[in-house]
Amino acid sequence: PPPARRQRLRTLLFGVGTVAVVGAFAATALPPLDDPRLLPAPVSGQQFWQLPTGSSIAYVRVTAAGHPHPTPVIFLHGGPGVPDMAGDSRYFGNLARDGFDVYIYDQVGTGRSSRLADPRGYTLERDVADLEEIRRTIGAERMILIGHSNGGMIAAAYAAVHGQHVAAMVLSSPG
């Protein structure tokens, strides 16, 4: 065949091969979003809040030792989408020795918590609304917020709207 035709054939075969390789990778390595294999294993003591916002939020409560302080500590993980409930509950759970109830939770759409049908629902406002419902659910008038990375942004946004419910706030590398 003439050189121009050989070049077109090589280009076509390269394109078909690339599509085949990418398709094989996607089919074997990328599970669909509703695949239960995406959910991490439950953490010891894990429970769920069913919030009026529609979120089902996985959390762990580390109960205060001795005489409990009336103000709980809430830890907001980074990301978005990077929860480590097991590690965070071990680390921040140490505050329970100082008399604080400590709550570690996976924000909506992350870890063990529910996913939203419409990804446009993942907003800072949604995270703030969930946090306010968590405050109401646990019956806390005020909270101590510890926010890391994106969790720091949520804590700051929450304090801007609901500052009367924030006793103290620690922000670590807020976005």
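Select strand β5 (residues 143-148) and strand β6 (residues 166-172) to begin, and you will see two strands that pair in the parallel sense over six bridges, where pairing requires that DSSP finds at least two bridges between them. Helices (H or I, at least four residues) and strands (E, at least two) are DSSP runs, numbered from the N terminus. Within this pair, Met143 stands opposite Val166 in β6.

This is a predicted model, in which local features need pLDDT of at least 70 and side-chain atom pairs count only at pLDDT 80 or more, while totals for chains, interfaces and linings use all residues. Residues are numbered from 1 along each chain as its sequence is written, and side-chain values use heavy atoms, with hydrogens and water left out.

Now colour the model by pLDDT, the predictor's confidence in each residue, from 0 to 100. The mean for the protein is 89, and 90% of its residues reach 70 or more. Where pLDDT is low, the predicted coordinates should not be read in detail.

Move on to helix α2 (residues 85-92), whose buried residues are Met85, Gly87, Asp88, Ser89 and Phe92. Buried means under 20% relative accessible area, exposed over 50%, and partly exposed in between, with a 1.4 Å probe and protein chains only. Among the elements that cover these residues are β2 (56-62), β3, β4 (102-105) and β5.

Then select Asp106, in the loop between β4 and α3. Is Asp106 buried or exposed? Asp106 is buried, because its relative accessible area is 1%. Leaving aside neighbours within four places in sequence, Asp106 is in contact (heavy atoms within 4.5 Å) with residues including Ile57, His77, Met85 and Arg112.

Finally, go to Gly79, in the loop between β3 and α2, which is partly exposed, with a relative accessible area of 30%. Leaving aside neighbours within four places in sequence, Gly79 is in contact with Ser149 and Asn150. Draw a C-alpha to C-alpha line from Gly79 to Gln107: these residues are 28 apart in sequence and 9.8 Å apart in space.
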